[in-house]
Amino acid sequence: MGARRRLAGSESRRTLAWFLALSALALVGVAAGAAAWSVHVAQAQAISTAARSGRAFAAQVVAPLCTAGLRRGDPAAVVALDQAVRPRMLDGSILRVKVWTPEGTIVYSDAHALIGSTFDLDAEHHDLLGGDHAEAEITNLSRPENHLETPLGRLVETYAAIQDVSGRPLLVETYFPADPVDADADAIARKLTPLALAAIVALQLLQLPVALAAARRLDRAHGERHRLLEHAVAASELERRRIARDLHDGVVQDLSGAVYLLESIQRRLPTDSPLAPSITKVTGLVQADVQQLRQTMINLAPPQLTGESLELGVAGLAGPLAEAGVTVEISVDDTADLPQLTVQLLYRACRELLHNVFKHANASKVTVTVTVAPTEAVLTVADDGTGFDADAVDRSQHMGLLLLTEAVTDAGGTLEVHQSPGAGTTVVISVQKDP
């Protein structure tokens, strides 16, 4: 009972440990995802704010000073726009300004060396012309017109469509430092990430009682399964012993009496009686039947095995094979700590497997090994016999193996058969020390 409780407790602890491990894993995954998502949303929000700032700057500061003279490159017009733009660049919030025509010509820039230069406008920027929209992005400064901006570092680039004083379309390109955008993104992420983490932690805390209840149900189910297994084994043992007792008290006693009677008749017959050979033959047949019934009784009601006597029990099972000339090697670990249910299951499994070897394998050598690990016991029976094809075998001829498989499975163990025609058979059975 104590071992059963320890096992049930270990099952509960394992279940709870798995739940906590998976919860921690989920928390880490959600935290990483929430942080990445928060940074993405925050950065998108900050870039959208930069786009609005660029559009307001283009409409309120630049557009009123975009005259026909500016398009012609009139120095006075350039100076006038310089006087409006440069004060707003002194605090470093704006790092570069360019005004583009639809043809890709820069008609104004605070970097005067760019004025009059012509470059290809990207399609998405060209499509802004004629409207009142603005776009912003973290620029990679890889275009030819960016050779003067490269030393400025990481920048946010905005494009805003305007119209000059005569109503013709222009495009204002404004460069902002990326540091404020990153700072805004970090600030928003710091607000969003804790909310996401708090939500997942709350969810896990809500699920914890459910996990505890499931672990308790698992404990109860394991205990009930163990009790049912004990009852089934006890009922099977009782029925086997009843049948063995009935055979011993009935058929075996009657046949033994018949042997005595036949022997008595034979002694009274003349030596030259024609009945003597027949009586001798019948007497031998009945004696063989009695011996076979006695072996059946032993199989039905094996000795009360314990961990210490398992090796002796296995050696007794191997007796018929040894008498038939088969070499049998037996190696059994110290099984003193094994529960009786486990020992009995190993004994029955060994009995069935050695019987199959004796009846079907035509083997010259059999190896029986029982190894005991901290949590399980493993029985291995290997022979060098004819083997068989598992796919072609007639299942009705191996009912004992099928029943053994069910018994091992019911005890929470596993049974594996490794065989091939002409290469022998190896059966490996693993059972928990406390089934």
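Is Arg-143 buried or exposed? Keep that in mind as you read these notes on a predicted model.

1. Let's start with the answer. Arg-143 has a relative accessible area of 16%, so this residue is buried. Its salt-bridge partner is Glu-145, with the closest N and O atoms 3.0 Å apart. Glu-145 is buried as well, at 3%.

2. Now look for other charged pairs. Side chains of opposite charge can pair when their charged atoms come close. The count here comes to 10 salt bridges. One of them joins Arg-71 and Asp-164, at 2.8 Å from N to O. These two are 93 residues apart: Arg-71 sits in helix α2, and Asp-164 lies in the loop between β4 and β5. Asp-164 is buried because its relative accessibility is 5%, under the 20% limit. Arg-71, at 23%, counts as partly exposed.

3. Next, find Glu-149 and Arg-96, whose side chains form a salt bridge of 2.8 Å, N to O. This pair also links distant parts of the chain, with Glu-149 in the loop between β3 and β4 and Arg-96 in strand β1. Glu-149 has 0% relative accessibility and is buried; Arg-96, at 10%, is buried too.

4. Finally, turn to the helices. The axes of α7 (residues 310-317) and α9 (residues 340-361) come within 10 Å and cross at roughly 15 degrees. That angle is under 35 degrees, so α7 is roughly parallel to α9. Their crossing is right-handed. Among the residues that meet are Leu-310 and Val-314 in α7, and Val-343 and Leu-346 in α9. By class, this contact has 8 nonpolar, 1 polar and 1 charged residues.

Notes
Residues are numbered from 1 along each chain as its sequence is written. This is a predicted model: local features need pLDDT of at least 70, side-chain atom pairs count only at pLDDT 80 or more; totals for chains, interfaces and linings use all residues. Side-chain values use heavy atoms; hydrogens and water are left out. Axes are lines fitted to C-alpha atoms, for helices over the stretch in contact, and angles run from 0 to 180 degrees between N-to-C directions. Helices (H or I, at least four residues) and strands (E, at least two) are DSSP runs, numbered from the N terminus. Angles under 35 degrees count as roughly parallel, over 145 as roughly antiparallel, 65 to 115 as roughly perpendicular and the rest as oblique. A crossing is left-handed if the near helix is turned anticlockwise from the far one by less than a right angle, and right-handed if clockwise. Contact means heavy atoms within 4.5 Å. Ala, Val, Leu, Ile, Met, Phe, Trp, Tyr, Cys and Pro count as nonpolar, Asp, Glu, Lys and Arg as charged, and the others, Gly among them, as polar. A salt bridge is a side-chain nitrogen of Lys or Arg within 4 Å of a carboxyl oxygen of Asp or Glu. Buried means under 20% relative accessible area, exposed over 50%, partly exposed in between (1.4 Å probe, protein chains only).
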